[in-house]
Each structure stands twice: as structure tokens, then as C-alpha cells.
Amino acid sequence: VMLPVGLTGRIGAGKSTVARLLEARGAVIVDADQVARDVVEPGQPAFVALVERFGPDIVGPDGRLDRPKLAELAFATEEGTAALNGITHPAVGEEFLRRMAAAPEGGIVVCDVPLLVESEAARSRGYEYVIVVEAPRELRLERLEARGVPRPDAEARMAKQATDEERRAIATWVVDNSADLAHLERQVDAIWAELEVAAAARRDHDAST
């Protein structure tokens, strides 16, 4: 049985960097954003259901989902939003659990979930440990601007997210990503050591039952 770990943080905190560092140490990463993209690839059941519900206009010239068009149609009404969520959320949930279950026996599975605090469905996946990545607001804004996100857009996205306090309330570990990579790696090494101990204890327990 694998050890499920949640990884979250506010936009621009550096969650993806922490995920890469954990992966380099042997974690299996399940990326919520990637899963959400994969379940609506052409031919997938969710893609077919979305086209049936919202019409062929949501398919772009390349045969893939035209996301802006889908958003425009789905978010125009409450009914449309509910339909979109009703199609995509179960598909994401199923694929997420499938990828977690496909991890090697006794492996440490880190689920990179931006909305871990905000989404009840995400919290219900049974993470035994939660890593929260933090960085000061100004630094997060700078990082997003460097990625090409205009400051007003970044601020609007931040305003919709759970606060640091709400994230800390579910955190097993809080990672401070306000300094250099070496500072970050030391924290990740310490967490990884604890996770390896927990995973070994789980394997021993499973072997004895």
C-alpha cells in the first residue's frame, strides 16, 4: 500500500519546484492540473460528454478542447457551470485515484493539488500527510510576473485562494520558499527522511498483518 501525501500552496509559492525535488528523491508525483488536462483529451469520455452537452463549438481546429470557448459557454449560467463540474470532477477524481493506486507497492505518492484546502473532493482522497509551500506575497507576485502573468491577474487569482492560515491548519509540514534553492532542498530532505520512515513503518505493518 502506498503512502498518500498532499502537496499544496498558494499560486507562485513554488509548489512545482518542491514536487520536482521530491520526485528526484523517489516520490511518485500525481499532478492535479495534469490530470485535469488529460481527462479532457480528444476521445476521452469526459471530452465526448462535454461536446454532447456544450456543442461542437468547444472543439478547436486542432480537434482538441477550446478551453476559453468552453469557459465562456459553461460559466455563462449556473446550470452550465454545474454541468461542467458534473462531467469533469468525477472524471478527474477517478483518474486521480487510478494514478495513486498505480504507484509501486510501498511507494510515497505526492499529490500536487493547488486547491487542496478549497476543494472538498480533494480533501476526501485521504492524505495522511500534507506539505504546504509558502512564500511572501510580494515574492509570489514577482515570480508570477516573471512567468508572464500580469500583476492584476495574479492578485485576482490570489484573492480567490485559501489563506496561508487555512492551509497551515491542515499542514503536517510548512515549507518556507522565500530563500535560495539550497534552503529549500534542506527542508525537502528533512521531510523526505520522515516520509521514508513512515513508508517503511507502513510496509512493516502491512507485512505483519
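This is a predicted model: local features need pLDDT of at least 70, side-chain atom pairs count only at pLDDT 80 or more; totals for chains, interfaces and linings use all residues.
Ala-154 touches Leu-141, Leu-144 and Val-149, when residues up to four places away in sequence are not counted. This alanine belongs to helix H8, which covers residues 151–160, and Ala-154 is buried, with a relative accessible area of 1%.

**Surroundings of Ala-154**

- Ala-154 and Glu-142 are separated by 12 residues in sequence, and their C-alpha atoms are 9.6 Å apart in space.
- Val-149, one of the residues that Ala-154 touches, can also be compared in position with Pro-114: the two are 35 residues apart in sequence and 17 Å apart from C-alpha to C-alpha.

**The chain as a whole**

- The secondary structure consists of 10 helices and 5 strands.
- A compact globule of 209 residues would have a radius of gyration near 17 Å, and the value of 19 Å for the chain agrees with this.
- Along the principal axes, the C-alpha atoms fill a box of roughly 50 × 45 × 30 Å.
- Of the 209 residues, 42% count as buried.
- Among contacts with a separation of 6 or more, 71% come from residues 24 or more positions apart.
- The chain exposes about 11,100 Å², of which carbon and sulfur atoms supply 53%.

**Nonpolar cores**

- The largest nonpolar core has 30 residues, and within this core Leu-50 and Phe-96 touch the most other members.
- Two or more residues of this core come from each of helix H2 (32–38), helix H3 (45–54), helix H4 (67–74), H5, E3 and E4.
- Helix H5 gives the most to this core, with 7 residues.
- Leaving aside neighbours within four places in sequence, Phe-96 is in contact with Val-30, Asp-31, Ala-32, Val-35, Cys-111, Val-113, Arg-125 and Tyr-127.
- A second, separate core has 22 residues, including Leu-3, Val-18, Val-133 and Ala-199.

**Residues of helix H5**

- Glu-95 is found in helix H5, which spans residues 78–101.
- With a relative accessibility of 16%, Glu-95 counts as buried, because buried means under 20%.
- Beyond its neighbours within four places in sequence, Glu-95 is in contact with Val-35 and Val-39.
- Ala-91 is also found in helix H5, and Ala-91 touches Val-39 and Ala-46 when residues up to four places away in sequence are not counted.
- Ala-91 and Pro-61 are 30 residues apart along the chain, and 24 Å separates their C-alpha atoms.

**The aromatic pair**

- A search of the whole structure finds 1 aromatic pair.
- The pair is formed by Tyr-129 and Trp-173, whose ring centres are 5.5 Å apart and whose planes meet at 25°, so the pair is stacked.
- Tyr-129 lies in strand E4 (residues 129–134) and Trp-173 in strand E5 (residues 173–176), so the pair ties together parts that are 44 residues apart in sequence.
- Tyr-129 is partly exposed, with a relative accessible area of 22%, whereas Trp-173 counts as buried at 13% relative accessibility.

**A charge over a ring**

- Arg-53 lies over the face of Phe-54, at 4.8 Å from the ring centre.

**Residues in loops**

- Glu-41 lies in the loop between H2 and H3.
- At 27% relative accessibility, Glu-41 counts as partly exposed.
- Glu-41 touches Phe-47 and Arg-64, not counting residues up to four places away in sequence.
- Although Glu-41 and Arg-64 are 23 residues apart in sequence, their C-alpha atoms are 6.6 Å apart in space.
- Pro-114 is placed in the loop between strand E3 (108–112) and helix H6 (120–123).
- Pro-114 is buried, with a relative accessible area of 16%.
- Apart from neighbours within four places in sequence, Pro-114 is in contact with Thr-8, Gly-9, Lys-15, Ala-32, Asp-33 and Arg-167.

Technical notes: Residues are numbered from 1 along each chain as its sequence is written. Side-chain values use heavy atoms; hydrogens and water are left out. Rings of Phe, Tyr and Trp (its six-membered ring) pair if their centres lie within 6.5 Å; planes under 30 degrees apart count as stacked, over 60 as edge-to-face and the rest as tilted. Helices (H or I, at least four residues) and strands (E, at least two) are DSSP runs, numbered from the N terminus. Buried means under 20% relative accessible area, exposed over 50%, partly exposed in between (1.4 Å probe, protein chains only). A charge sits over a ring if NZ of Lys or CZ of Arg is within 6 Å of the ring centre and within 35 degrees of the ring normal. Contact means heavy atoms within 4.5 Å. The radius of gyration is taken over C-alpha atoms; the globule rule is 2.2 Å times the number of residues to the power 0.38. Accessible areas come from the Shrake-Rupley method with a 1.4 Å probe; for residues, only the protein chains shown count as cover. A nonpolar core is a set of buried Ala, Val, Leu, Ile, Met, Phe, Trp, Tyr and Cys residues joined through side-chain atoms within 4.5 Å.
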